[in-house]
Amino acid sequence: MTDDMLCAPAEVKYADELDWLESVDDGPKPFSWRLSPKMVRLFVLGSERADGLDREVPQKWFGDRSFVERSIVTLASDRGLLLIGDPGTGKSWLAELLAAAICRNSTLVVQGTAGTTEDHIKYSWNVSMVIAKGQSRESMIPSPIMTAMERGVIGRFEELTRSTSDVQDALISILSEKYVSIPELDDDNIVFAQPGFSIIATANSRDRGVNDLSSALKRRFNFVRVPVVTSKKSEAEIVRFRTTELLRRHRIDLELPPTLLDILLQSFAGLRAAAAAATGDDERLESALSTAEQIGVLEDAILHSHFFGDRTLRAETLGGSLVGSLARRTPEDLAILNKYWHGVVEPRSKKDGGDWPGFLEGGRQAITTLS
């Protein structure tokens, strides 16, 4: 079934694993949860030998155990969960995994933008049916959030701080009252949330000041701040995990050399250090230099090697992909990358050799081409 989808949701991708976990789960379950809180945590963070299971469950989200546990406890209460952090820290992926484990449906999602309206979190109308038969529950189009309320499952709201204040205000009543009124109808005009309903929202900390949350809305959420991954080992695990998924999805048989992964990690670490030391925005890359962007650089290099190379990932291709992916402003970003290439990559290439010279050359060619 997953072969028929470009990007299968977690509940489809891990359906067999979730079925098995449900069959061996004898723990207490809140509301109508499909798995107990302990099994939800195990699904997200993976199993250990001490769990005593007959089957290994792989780790899918790499982060502090306490963040996952606090998230699960929040969803077992009557409060919403807000995952907040820098871009690329895995907030959306964690939200998807939690929804998949708890209710086997992670697709009831509203994407917050400047164009998101109250209709997107409540309901709208099928105009042709309204003209033909009038307004009724049949002619009403429930939003993903209203559908989650009716089913007693998890609804998701991505990029909450990107939506306007009137949309956020409408969310306050849903989280507080746990029902939605439909004033256009005389009968059957209230949708009550069923037990198990909750909302997982995400927000980028870099969006502070775009549409700040009101104190009233903040009180309806428990905040879990997802930090940037600083451990090289953890970041390597994340990149390796997501790259393996990518290769499987594209049916590509290509090896990721550990030396090239190490070069990628060191390069991002060096660029982050340079950004932290910069005194102005014109000295910082526009890129957030997140783990997700590392995965994007690697994906670009892998696909280029597969379709236009000899199906071997080479340092030159990785260097060119890194420059091509991170050079978003011209000439500012190119100047920053050129400085890094001359000041860090070139000395490293002379000192360490190995794949560094190829990485140096690939990046140089990309900078020249884009200049």
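Helices (H or I, at least four residues) and strands (E, at least two) are DSSP runs, numbered from the N terminus. The structure is a predicted model, in which local features need pLDDT of at least 70 and side-chain atom pairs count only at pLDDT 80 or more, while totals for chains, interfaces and linings use all residues. Residues are numbered from 1 along each chain as its sequence is written, and side-chain values use heavy atoms, with hydrogens and water left out.

Two packed helices are described by the angle between their axes and the distance between the axes. Here axes are lines fitted to C-alpha atoms, for helices over the stretch in contact, and angles run from 0 to 180 degrees between N-to-C directions. Helix α3 (residues 37–45) packs against α5 (91–103), at an angle of about 135° and with the axes 10 Å apart. The two helices are therefore oblique to each other; angles under 35 degrees count as roughly parallel, over 145 as roughly antiparallel, 65 to 115 as roughly perpendicular and the rest as oblique. α3 passes α5 in a right-handed crossing (left-handed if the near helix is turned anticlockwise from the far one by less than a right angle, right-handed if clockwise). In this contact (heavy atoms within 4.5 Å), Val40, Phe43 and Val44 of α3 meet Leu94, Leu97, Leu98, Ala101 and Ile102 of α5. By class, the contact of α3 with α5 has 8 nonpolar, no polar and no charged residues; Ala, Val, Leu, Ile, Met, Phe, Trp, Tyr, Cys and Pro count as nonpolar, Asp, Glu, Lys and Arg as charged, and the others, Gly among them, as polar.

Helix α5 also packs with helix α4 (residues 65–75), their axes coming within 12 Å and crossing at roughly 50°. α4 and α5 are therefore oblique, and α4 passes α5 in a right-handed crossing. Val68, Ser71, Ile72 and Leu75 of α4 make this contact with Leu94, Leu98 and Ile102 of α5. Its residues divide into 6 nonpolar, 1 polar and no charged.

α10 passes α12 in a right-handed crossing. Among the residues making the contact are Ile238, Arg242 and Leu246 of α10, together with Gln294, Leu298 and Ile302 of α12. By class, the contact of α10 with α12 has 8 nonpolar, 4 polar and 4 charged residues.

On a 1 Å grid over the protein atoms alone, a cavity is a set of points where a 1.4 Å probe fits but cannot get out, and a pocket is an open set with protein on both sides within 12 Å along at least five of seven lines; lining residues have an atom within 4 Å of a point. Grid points are joined across faces, edges and corners, and a volume is the space filled by probe spheres set on the points.

The largest pocket has a volume of about 1200 Å³. Of its 41 lining residues, Lys13, Trp93, Arg242, Glu245 and Arg249 are the closest to its centre. Helix α10 gives the largest share of the lining, 9 residues, and the lining has 17 nonpolar, 10 polar and 14 charged residues.

The whole structure holds 1 cavity of 30 Å³ or more. Its lining includes Leu271, Ala274, Glu283 and Ile336, and helix α11 (residues 258–277) gives the most, with 3 residues.
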